[in-house]
Amino acid sequence: MTNEKPFGRAGLATRLAHAGPAPSEYHGFVNPPVVHASTVIYDSLNTAKNRTSRYMYGRTGTPTTEALEDTVTDLEGAAGTVLTGSGLEAISIALMSCTQAGSHLLVADNVYGPTRRFCDKVLTRFGVEVEYFDPAVGAEIDRLFRDTTSALFLEAPGSLTFEMQDIPAMAGAARSRGITVAMDNTWATPVYFRPLDHGVDLSIQAATKYFAGHSDLLLGTVAASEAALPSLRETRNNFGVNVGPDDVFNTLRGMRTLPLRLARHFESGVTIARWLETRPEVARVRHPALESDPGHEIWKRDFSGACGLFAIELQPCTDAQLAAFIEGLAYFGIGASWGGFESLVLCPDPSSIRTATNWDAAGPLVRLHVGLEDPEDLIADLQAGLARLVG
Ligand SMILES: *Cc1c(COP(=O)(O)O)cnc(C)c1O
């Protein structure tokens, strides 16, 4: 084996299998060291004064954090990446890096609830004007641009309600005005959609989900274009953002199997979504990989796959019927977060977290995360659940 990694030519799975430092840099060990560090000892006063050491302080980077940053930068096709302590912190740091007092910020109405809360509760306190828009707006977004618009924040599909957005059209319109485009791409991950290839400046991942993949840690990543990177790095440094080395290491471990796991989530998710579509208890399936979904054409054009997360709208039912269905499930745990190996279910009410569009489903919304279990077992579990619903 040589130290040369011909990453430019290798496929995605190959790159993820070989990402990080070459084994020869660390005595032949395949994995990078887990560096627990605050202090770095310098060889001279000059080094301390001129900050010429490769590593200066634990918070500003270690071999462990670099290994994950480089992996994400390569996967995203970015100029550079910062790591954050959670997906939400990735969002807040990204937004702080592209807004200032007097800025106008445009946010898709379907964003993750805590993203909206950060915008409404924090950014507004610092004089940012936040405006939500219908995610279906497409290139018409340019009608909403003002002279003060500094950033556009997208999430496609929405992780609760699964509306797609025309990212190339919106990003193109924003870029021609010098507006920074940030996207929460946790759903597709850069395996199935690379935001920076489509005009986005800041690509955000809740690495807690599929990157880490095992429901055992919290971490976020923001990968930036050349133009957006300096402000992103500066914001991250000024806030003192740091991630513990064990979580960084375990995220890198998760990424080795990311394409493999996602392929399974994709296949099982679509299989189960299609089966649910045939069920009379289900009024609508919200999954952009299904031909029946309003976002399907955009999904097919821009994305190369889907993860295991989607939602169904049930026919109207009582709370007791819904509880009989959900609480009796054997393999779908009732829980937030997703992207781990296990299946999950949640019954959120989107009406309280949208302001630019209306939520008008007749029955309750059920969000499913299809995990790595055998899909036949999951279908049998859901089948028994739907029987309890109407029973
Ligand atoms: C979970 C999630 C986040 C937040 O990630 P945490 O690591 O839990 O803070 C952000 N965006 C989306 C779409 C998510 O699903």
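**View 1. The largest cavity, seen through its lining.** Gly58, Arg59, Thr60, Gly61, Thr65, Glu69, Leu83, Arg236, Asn242 and Val243 line the largest cavity. Bear in mind for this view and the rest that the model is predicted. The space inside the largest cavity comes to about 60 Å³. Sort its lining by class and you get five polar, three charged and two nonpolar residues. Arg59, Glu69 and Arg236 are among the residues to look for here.

**View 2. The second largest cavity.** Here the volume is about 40 Å³. Its lining is made up of Asp109, Asn110, Val111, Leu160, Thr161, Pro350, Ile353 and Arg354. By class that lining splits into four nonpolar, two polar and two charged residues. As for the overall tally, the model has three cavities of 30 Å³ or more.

**View 3. The largest pocket, where the ligand sits.** Which site holds the ligand? The ligand sits in the largest pocket. The volume of this pocket is about 460 Å³, and 31 residues line it. Nearest the pocket centre you'll find Tyr112, Pro114, Ser159, Lys209 and Trp338. As for secondary structure, at least two lining residues each come from H4, helix H5 (113-121) and strand E6 (202-206). The lining of the largest pocket counts 17 nonpolar residues, alongside nine polar and five charged ones.

**View 4. The shell around the ligand.** Zoom in on the ligand and there are 14 residues around it, with Gly87, Leu88, Asp184, Thr208 and Lys209 coming nearest. Lys209 turns up here and also in the group nearest the centre of the largest pocket. Which helix gives the most to this shell? That would be helix H4 (residues 87-97), with three residues.

View 5. Start with Asp184: an N or O atom in its side chain is 2.6 Å from a nitrogen atom of the ligand. Leu88 uses its backbone instead, with a polar atom there 2.9 Å from a ligand oxygen. Then there's Trp338, where a polar side-chain atom lies 3.1 Å from an oxygen atom of the ligand. How much of the ligand does the protein bury? On its own the ligand exposes 380 Å², and the protein buries 92% of that.

**View 6. A cis peptide bond at Pro157.** Ala156 and Pro157 are joined by a cis peptide bond, with omega at about -10 degrees. Look for Pro157 in the loop that runs between strand E4 (149-155) and helix H6 (167-175). Why show this bond at all? Because most peptide bonds are trans.

**View 7. A positive phi at Arg51.** Arg51 isn't a glycine, yet its phi is positive, at about 50 degrees. Where is Arg51? In the loop between helix H2 (45-50) and helix H3 (63-76).

Technical notes:
Residues numbered from 1 in each chain as written. Predicted model: local features only at pLDDT ≥ 70, side-chain atom pairs only at ≥ 80, totals over all residues. Heavy atoms only, no water. Near = heavy atom within 4 Å. Polar contact = N/O pair within 3.5 Å; in protein donor to acceptor, adjacent residues only side chain to side chain. Areas by Shrake-Rupley, 256 points an atom, 1.4 Å probe, with all protein chains shown as cover. 1 Å grid on protein atoms, 1.4 Å probe; cavity = no way out; pocket = protein on both sides within 12 Å on 5 of 7 lines; lining within 4 Å. Sits in = over half its atoms within 2 Å of the grid points. Helix = DSSP H or I, 4+ residues; strand = E, 2+ residues; numbered from the N terminus. Points joined across faces, edges and corners; volume = space filled by probe spheres on them. Nonpolar A, V, L, I, M, F, W, Y, C, P; charged D, E, K, R; others polar.
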